[in-house]
Amino acid sequence: MKKTGIFRGLAALMTFLLSISVIVGNTLESFSSTIDTALGTQSEMMVTDDQDAVYDKFTPPAELLNEDGTGNSHALIQAAIDLNRQQAAEGTVLLKNNGVLPLSSGSAVTLFGIRSQVPILGSSFGVKACGGFINLDEALQNNKTDFAHHITTSLSQNWATGQVERGYTTDGWSGDEFDFDGAGFKVNSTMTGIYTKLNETYLHTENAGPSEEYDPGEPSIAEIEAVNADYKSTFAQYGDAAIVVIGRPSAESEDYLPGGIVAGLGAEEPLALTTNEKDIIALAKECSDKVIVLINSASAVEIGDLKDDADIDAILWIGAPGSYGMLGVADILSGKVSPSGGLADIFPTYNLSAPAMQNMGNFSYKNAESVITRENSSNYIIEAEGIYVGYRYYETRYYDAVLGQGNATSNAGTYASANGWDYDAEVAYGFGYGLSYTTFDMEYEGDPVFEISKDGDVTTATATFNVKVTNTGDVAGKKSVQIYGQAPYTEGGLEKSAIVLLNYGKTGTLQPGESEVVPVTVDLQYIATYDSSFDNGDGTFGTYVIDPGTYYFAFGNGAHDALNNIMAAQGIDTASLVGEANADYAYQTEITEDTLARTSFAYSKTGEKISNQLDYADWNYFQDGEVTYLSRADWEGTYPKTYSDMELTSQELIDYLNGKYYTLKTDDDTSDIKWGQDGDLMFYEMAGLDFDDEKWDELLSEMTLEEAQYLATFGGPSIPGADSIGTVETYMTENAGNGIAVNLNASKDTEAPWNISSDDPNGNWHPEVFGSSPLTAASFNPQLAYELGEFIGIESLFTGIPILWGPGLNTHRHAYNGRNGEYYSEDPILSGYTAMEFAIGALNYGLIAAPKHYAFNDQETNRAGVAPFMTEQRAREVELRAYQIAFEATKYDTEDYDAGMRGLMISFSKIGPVECTVSTGLMTEILKKEWGFTGYAVTDIYDDFDLYTAVLTSGATCYDTRGMSGFYTDTTLDSPRFANQADGSTISASVFAGDKNAQLAVREAAHNVLYAIASSNLMNRYNATTHVVKLNTWWRTAYYTAIGVTAAFTVLFALLYVLSKRKKKEA
Amino acid sequence: MADFMKKQSIGSYFNCIAAVLGIVGIVAAVICSNMTVTYALGNMGTIALLGACGIILAVAAICLPNKFGNHDILGTLAVLGAIAVYTAAFGQVLSERILLIAGLFSYDSVNTVGWQVFYVTVVSIAAFLVADIILIIGAFSRSVKEN
């Protein structure tokens, strides 16, 4: 080959490499913040030249700092271990105990079930349990962590083979190990060794999720024998107790499905025990006469058989306990801590017996192909169970069955009953139920204190129950005080649950003989009923009503016990009840129009008149009479059928599904909306100001419309800056509810005095270590939730993340939602109060906890746009109530301060046919006007990019544009990602030029986002001299170098080619 | 035409294949952009323009040596230009699809529509990349036979 050709070819090669380098560089810069998080690099940094008045607003506790003010990673991890241990110990629920628990010190035990070696410690995606962990056998017999050899794992999919593979959540551990006081047991190493060996082929992961055809992957006895045929010889030595662990995972994006289990496993449902699991339990019985079963799952596993099995001595629900939570489980097994948790979900004998299960899964409109034009709009679920979700169904039907009303004893919906619906057969363990190692006497300390006041149209009505709890047993313990209520029901009238949780509290640790009075204040609004047909007299319909009549309140060991107590107080023959009853535990009071008017709660606490906002949530609103919702007036006639073949005939319904929500105006007079005004007010001066402070108007007027649009368009993780008000692009948001998803040594705030340096031996500690949400809820301990929030707030200071996309706050519609592990409970009161405490605790350290997914994320199947149809009563009394409690946070309101969560993430799903992101009823009328929410309201990842105008005018404040960063460089408002609008419009900086409503909405969105940020610990970093500097990272250096080198070689070879060509010509 | 064909050498054939691959890249991009509204490529126009430029330059790289001889400067510029614009087209497709791809390999692995779009996207990206490689190989070769 001639030289000319070689140089020409090399020039071509270098041109290619140069082009590739430029493209790679551009791509890296566009996603720099995400790349930083993934690689642990820092490519940009917020710098404040003048250190005056920075890092003085929020600081970590002194005990987590070294003497020089730097962060003490060892102390931080130790604190996390201690708190996770407490979380697991208090959340663990003792369901059954024939006296074998606690086990005595020095017991020699054998662990059964592969989950005893490969436990489910967290959920998947958002709430993984990360890093080094403490396994059950370690917690039982060791006294020091071995993080170096115990790293949690996670699933990933090999893109080449499609195979799901296990990977570790962190790259090894060379940091500190920690001492702990274990249970002091001896554990059969033969069995743990067998399971370790078996897991080499089973490749279980702690974060494996549910699937359409689930296989719990429990090895058979034959497989155990194949590893070690002589394993039974160890039983005699380790036969003090046999502990069996049964696991079922939870995870994002996948559900369990009815009948969704691999054939041949001996079970018909994914949450039922398989043949291998039953065989393992039988093996445990061979090993010991003390058999203890641990349920390692966020969902209700079907354990009715175990409850009735006399050879099963004890059952503990341990949820997903987190990286160090097995210490808490060991505390329970060894008796260091007496159990005090209560179930956060009812455990039916068969999960399919829940009416909600009749309509979960994959449903598409019959004529979707011919009428639906928008992506992700063809799937629906009909939530025909109405308000009867979880225990509200089982307990209400039980009540009606005892009273012989509403055809409650018919066969409709029976799965375990032999002859007509029978509560005892249908339910294994009730909501809120949990045993202890000690006994308590509980009694009311005087009558409850009712406080009813009126301020203008707003009525506030509370009842405080002072419950005296006395430890009458022999060991110390805590006791939750759960207050339930019953509103008067008229057959055929408004639907009402026979029992609802109203609030709860918990004692401290009571020594034997010790007493404590626990005051529990109940907001009577939560016993009111939403009547969507109520005529408000002003052309609107729907409000809360509190019907005159006899109201009952009771405490009890769960909802069923409380209901029994109420029934006893009502004079119902206790012989007809399932379980015990004590009328003294109930309290009744008459509510009349004079004491509390029927429409007392017609105005929200903000003074907003309440009316229907979600009419379109009800299928019958569009196509009347096609859906029958469950009614206690006739359990038999209204028990839900499966709505599997719905056909769209209403054009209004079809238009909603096709994204026709908002018509952009082009000719409004917008001159009175001020943008780009001259002014000196800067963002850093807004720290801590009220939302209504007049300075906000001044600040917002200084922004340009384009800047406000930037804030609304790009909502995280990196949020763009606005020059006019002195904000800078900042990486602000991260997952999840069980910790901040950023390693200690990858902090986004390396300027902080307490920053933990990248060379700290514990630097790769990942703060997502806590147990999943149901465990926290099951503790029924507001203080614990508050402390968890505080701790994660502290984590946020160490990692530089001011906004947390969490906790999960959807309610469990049924046990099959794959994401139940991320949400607290089926009960909105328990969920709402737990989330509220968490959020207020987090705010103490400047962390904005933004719960997700507002709202109605009732299943993961078709989660991208699935349309759940329901009544507005159901929406408000179940899903929305949890959010309402957390956002109103009235417990923490003061004269001068309106407390509440300052953020949320919107659901992927619709409400009825309308995307939650564009539902003005949901986002503005209910959220902002009724509940007074102020703050950051972001869509879920890349959701509804095609509905730009409708989303930003609904009340949502911004899009989740995860991964994107580098604003004001290559990311612009006419980004191709927003190019495809359902209404055909084009997104640009001038798109709202002629639409006054849209401009005002964007301005309000900016106000809310900036207000949330101004309340956060980001303000630690701001003053007048704050700016961003780009830093050199290895990847930035690499692509700069690549561009430079390839450019030089391109020029070189091009020159050589030209010279060679010229030489050839001359020759 | 027959004379023209007879005169062509291996480099010319490579450039011809590159031009065809450019068409494949554009067509695949159009297909993946029209599979669903959600995954329409917002920068389809840019991609098509870049691809078309690449095709024209590749064709120019075939024709120019017939007039100016092997390894002529204009033909060389056409090859380099084709490589640059094909790479830019690939970059445009990638930048539009990177969030989809990131999602498919993490939180959104069950997005069956997304996977279908991804596979067609891979065809488009591969076509542009292979076209680049073929142009590079062709650049080392003669485009026309020399007497």
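Student: In which helix is A:Glu837 found?

Tutor: A:Glu837 is found in α21 of chain A, which covers residues 828-843; a helix here is a DSSP run of H or I with at least four residues, a strand is a run of E with at least two, and both are numbered from the N terminus. This is a predicted model, in which local features need pLDDT of at least 70 and side-chain atom pairs count only at pLDDT 80 or more, while totals for chains, interfaces and linings use all residues. Residues are numbered from 1 along each chain as its sequence is written, and chains are lettered from A and ligands numbered from 1 in the order in which they are written.

Student: Why is A:Glu837 called buried?

Tutor: A residue is buried if 20 or more other C-beta atoms, placed from the backbone, lie within 10 Å of its own, exposed if 12 or fewer do, and partly exposed in between; A:Glu837 has 25 such atoms within 10 Å, and therefore counts as buried.

Student: Which residues does A:Glu837 touch, leaving aside those up to four places away in sequence?

Tutor: They are A:Pro782, A:Ala785, A:Tyr786 and A:Gly789, where contact requires C-beta atoms, placed from the backbone, to lie within 7 Å.

Student: What makes the packing of α3(A) and α9(A) oblique?

Tutor: Helix α3 (residues 73-91) and helix α9 (residues 326-334), both of chain A, pack at about 45° with their axes 6 Å apart. Angles under 35 degrees count as roughly parallel, over 145 as roughly antiparallel, 65 to 115 as roughly perpendicular and the rest as oblique, so α3(A) is oblique to α9(A). Among the residues making this contact are A:Arg85 of α3(A) and A:Asp331 of α9(A).

Student: How do you know how compact chain A is?

Tutor: Chain A comes to 26 helices and 35 strands. Its radius of gyration, taken over C-alpha atoms, is 30 Å, close to the 31 Å that the globule rule gives for 1067 residues, so chain A is as compact as a globular protein of that length; the rule is 2.2 Å times the number of residues to the power 0.38. Buried residues make up 61% of the 1067 residues in chain A.

Notes: Axes are lines fitted to C-alpha atoms, for helices over the stretch in contact, and angles run from 0 to 180 degrees between N-to-C directions. Two residues are in contact if their C-beta atoms, placed from the backbone, lie within 7 Å.
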